[in-house]
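Visitor: I would like to go through this structure and ask for the grounds behind each label.
Guide: Then let us begin with the charged pairs and move on from there.

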Amino acid sequence: MKNKVLFIVTLVIVFLLGLLASSIINRKNESKYKYVPQADISENEPRNAVWGEYYPLEYQSYLQTSDTGFVSYQGGSAMRDMLEEDPNLVILWAGYGFSKDYNQGRGHYYAVEDIHNTLRTGGPTGPNDGPMPATCWTCKSPDVPRLMNEIGVAEFYSGKWAGKGDQIVNPIGCADCHDANSMKLKISRPALIEAFDAMGKDITKVTHQEMRSLVCAQCHVEYYFNKNLPGKEGTPYLVFPWKEGMRAEDMEKYYDNIEFSDWTHQLSRAPMLKAQHPGYETYLTGVHADRGVSCVDCHMPYKSVGGTKFTDHHIQSPLNNIQNACQVCHREEAEKLKENVYERQRKVAESRIDLEKMLVKAHIEAKKCWDLGASEQQMDSILMDIRHAQWRWDYAAAAHGATFHSPVEISRVLSSGLVRAQEARVKIARLLAELGYNQPVEMPDISTKEKAQEYIGLDMEKLRKEKELFKENLLPEWLEQAKQRQEKWDEEKVSASAK
């Protein structure tokens, strides 16, 4: 009897193992043929849906970047009005576009739509109108490398933002990071290649794992527009300020050496630097980079569907995908991991908020000095302290993931910013006394975004009206012209295949 039972159990086990083996073989066969394209993708094809015909799993996951439901302590995919949450920002950016409008960025799916909507791009009425240069399109669309290839890099950067609005309509996607023929990762933006050259490095020698971060570093970096490059004078040419290094102090030194400023502050008249989004630079100073973990490992981890393993193109915060993004390496519970991140972010935010409050007072107090007749010589060192302190604040604030990527480095940068801001205010107090003013400078009511914008003289109703007219009149023309152009591509492709 015992032998009979053993025999039956053995048969069942063998049968189950056979099913398992069959399933594995089938899934391997699926994987083997899954990624063989049925047709070629044209070079510089900017439409993500066209790529999706051949890579449906990646494309379907990419479409999830349209989800705006996740909100974290310091980010997520939901649109948030950052000026409303923190009116101090209006004062810090007085005289600069961000004082008009600054929303938390949504997913890549909305890259073009959001730049259409922001008040920072104004309400242009034609191709030569508006406050922003064409260079502002650089990181928004796979139409950018297409257009650079067609007209040249410097010509792409030239002119107004509105001058290329009909050309750039497809949101960030496949052609930004992949070669159409081989699907290998590629650098499609020349500024990154030029930055490596400036540092004496050859970007063609990097490893595949490094490329899994560098494709992100094409855009998630600090940059500025250089109008004085030899042979390109007057063109706002995109440059990464890495020649002296990538730390906050290195880039500050670079900017100081060339006497560059993004704008002159409306209140203090300080020559200001606006940090863009130095995510790559701050990531490099953190523990994950030190362990060889790439951006893609956390923000686009592998997943499996039907036995096929592929990179999840739902690019998002790892905190919304902890199982695949974090628990591959970390064994703690999901809520514990999330709370660990939030705890670090809250601690760093305390210093950041202290610094920004001090900077707001410094700008307003510096204005009082000017109002009382201070000279440029008297104000010079004060303005440089304000410039350097706010650069450090912005370096920490604009790199949205920095307090996760590198909380120790960001705390260090903010601490040095606090020292400089305090030095500026001590100097201001001494100068005010010299000018005969021996009492605290009265601070305006900037408790809301609206009050802060009114204080610096912004006519928000006018700005919003101009934007609405742009969306009613010029924007539909852009979209129609783009539609006709892309339909022509399809007609040409059908005609070519018929020959």
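Guide: The model is predicted, and a search of the whole structure finds 26 salt bridges.

Visitor: What makes the pair Arg189 and Asp176 a salt bridge?
Guide: The N to O distance between the two side chains is 2.8 Å. The cut-off is a side-chain nitrogen of Lys or Arg within 4 Å of a carboxyl oxygen of Asp or Glu, so the label applies. Arg189 and Asp176 both sit in the loop between α8 (153-157) and α9 (190-198), 13 residues apart.

Visitor: Why is Arg189 called buried?
Guide: Arg189 has a relative accessible area of 2%. Buried means under 20%, so Arg189 qualifies.

Visitor: Which salt bridge does Arg387 form, and at what distance?
Guide: Arg387 meets Asp256, with 2.8 Å from N to O. The pair links distant parts of the chain: Arg387 is in helix α17 (residues 376-398) and Asp256 is in helix α11 (residues 248-257), 131 residues apart.

Visitor: How do you know whether Arg387 is buried or exposed?
Guide: The relative accessibility of Arg387 is 3%, and the cut-off for buried is under 20%, so Arg387 counts as buried. For Asp256 the value is 24%, which lies between the 20% and 50% limits, so Asp256 counts as partly exposed.

Visitor: What makes Arg425 and Glu365 a salt bridge?
Guide: Their closest N and O atoms are 2.7 Å apart. The limit is 4 Å, so the pair is counted. Arg425 lies in helix α19 (residues 407-434) and Glu365 in helix α16 (residues 334-371), so the bridge ties together parts that are 60 residues apart in sequence.

Visitor: Which residues are linked in a network of salt bridges?
Guide: Glu45, Arg47 and Asp490 are linked in such a network.

Visitor: Which residues gather in a patch of negative charge on the surface?
Guide: The patch consists of Glu480, Glu487, Glu491 and Glu492. A patch takes residues with over 30% relative accessible area and no salt bridge, and joins like charges within 9 Å. Glu492 has 45% relative accessibility, so it passes the area limit, while its class is partly exposed. Glu492 is placed in helix α21 (residues 460-498).

Visitor: How many positive and negative side chains does the protein have?
Guide: There are 61 positive and 70 negative side chains, and the centres of the two sets lie 5 Å apart.

Visitor: Where is Thr235, and why is it called buried?
Guide: Thr235 is in the loop between β3 (224-226) and β4 (237-239). Its relative accessible area is 14%, under the 20% limit, so Thr235 is buried. Neighbours within four places in sequence left aside, Thr235 is in contact with Ala154, Tyr157, Ser158, Asn226 and Lys227.

Visitor: What makes Lys227 partly exposed?
Guide: Lys227 has a relative accessible area of 48%; exposed would need over 50%, so Lys227 remains partly exposed. Lys227 is found in the loop between β3 and β4. With neighbours within four places left aside, the contacts of Lys227 are Lys232, Glu233, Gly234, Thr235 and Pro236. From Lys227 to Leu238 the C-alpha distance is 9.0 Å, at eleven residues apart in sequence.

Visitor: Which elements do the buried residues of helix α10 pack against?
Guide: They pack against α9, α12 (279-284), α14 (295-299) and β7 (302-305). The buried residues of α10 (residues 208-217) are Met211, Arg212, Ser213, Leu214, Val215 and Ala217.

Visitor: Which residues of helix α7 are buried?
Guide: In α7 (residues 143-151), Asp143, Val144, Pro145, Arg146, Leu147 and Met148 are buried. The buried residues of α7 pack against α8, α9 and α21. Just after α7, Gly152 takes a positive phi of about 100°.

Visitor: How many helices and strands are there, and what share of the residues is buried?
Guide: The secondary structure comes to 21 helices and eight strands. Buried residues make up 48% of the 499 residues.

Definitions and conventions: Residues numbered from 1 in each chain as written. Predicted model: local features only at pLDDT ≥ 70, side-chain atom pairs only at ≥ 80, totals over all residues. Heavy atoms only, no water. Helix = DSSP H or I, 4+ residues; strand = E, 2+ residues; numbered from the N terminus. Buried < 20%, exposed > 50% of the residue type's maximum accessible area, 1.4 Å probe, protein only. Lys, Arg positive; Asp, Glu negative; His and termini not counted. Charge placed at Lys NZ, Arg CZ, Asp CG, Glu CD. Patch = residues over 30% accessible without salt bridge, like charges linked within 9 Å, V, L, I, M, F, W, Y side chains within 5 Å. Areas by Shrake-Rupley, 256 points an atom, 1.4 Å probe, with all protein chains shown as cover. Contact = heavy atoms within 4.5 Å.
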